[in-house]
Amino acid sequence: MRHLESGLSDVRAEIVTSTFVASGRPEGVRDLGRFLENLNNPAISQQIELRSPSVRPLYRATSQLALDAPLLVRRDQMIFANFEGPHFNRDAAARASSIDVPALLLVPPFQISGLVTVGQEAEISQSLRSIAQTFFLMRNARVFDADGALLGEGEQIVVNGAAVQMLSATRQHIAAIGSVPASRASEADTAASAPQEQTRAA
């Protein structure tokens, strides 16, 4: 019993909604697999219970409020979550039959770019439609605000597919105003150096 309690105490989740960020120990969850299973199970409570929780406004990382009682979070209001604790690895058969594809998710107030797993023989657009009906994993995730400013990165996050308004199998994202795509930056550098080379030649 002590071993189980110790394992549960090592697990924490940070849940991001459109307004708040809550973190704590998800009740009854010992690994990422169980966390996903609970999120996708319509038969259990719609509330995620966080023990030893804290909560803050979305864009105020230094304004943490540590609560003295468990916090209930509606899972349908979750946009994405960071999970700290034991993860699961796909077995060899699952890895052989699946591929990772890039995806851009537009999930107000965020853009999220990363990799999602689909069946190797599956049609990608149809696979994206399917995973968008569930809570799913995204790897190598980068989270931007709607204007393209980078907010953070995560090796593996859980996304609420029901919150996704638009998605595409692409590595692109809407860039922040004033930023220059790498390809254009390279062209600009080449153009800028051309007059200097011509002057030297003359």
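Q: Why is Leu128 called buried?
A: This is a predicted model, and in it Leu128 has a relative accessibility of 6%.

Q: Where does Leu128 sit, and what does Leu128 touch?
A: Leu128 is part of helix H4, residues 124-131. Leaving out residues up to four places away in sequence, Leu128 touches Val116, Leu167, Ser168 and Ala169.

Q: Why is Arg142 called partly exposed?
A: The relative accessible area of Arg142 is 31%. Buried is under 20% and exposed is over 50%, so Arg142, at 31%, falls in between.

Q: Which residues does Arg142 touch?
A: Arg142 belongs to strand E9, residues 135-145. Skipping residues up to four places away in sequence, Arg142 touches Gln111, Ile112, Ser113, Leu150, Gly152, Glu153 and His173.

Q: What makes E1 and E6 a pair?
A: Pairing takes at least two bridges. Strand E1 (residues 12-16) and strand E6 (residues 80-84) are joined by five, so they count as paired, and they run antiparallel. Glu14 stands opposite Asn82 in E6.

Q: How do you know that E6 pairs with E10?
A: E6 and strand E10 (residues 150-160) have three bridges, and at least two are needed, so they pair, in the antiparallel sense. Here Ala81 stands opposite Val158 in E10.

Note on methods: Residues are numbered from 1 along each chain as its sequence is written. This is a predicted model: local features need pLDDT of at least 70, side-chain atom pairs count only at pLDDT 80 or more; totals for chains, interfaces and linings use all residues. Side-chain values use heavy atoms; hydrogens and water are left out. Helices (H or I, at least four residues) and strands (E, at least two) are DSSP runs, numbered from the N terminus. Buried means under 20% relative accessible area, exposed over 50%, partly exposed in between (1.4 Å probe, protein chains only). Contact means heavy atoms within 4.5 Å.
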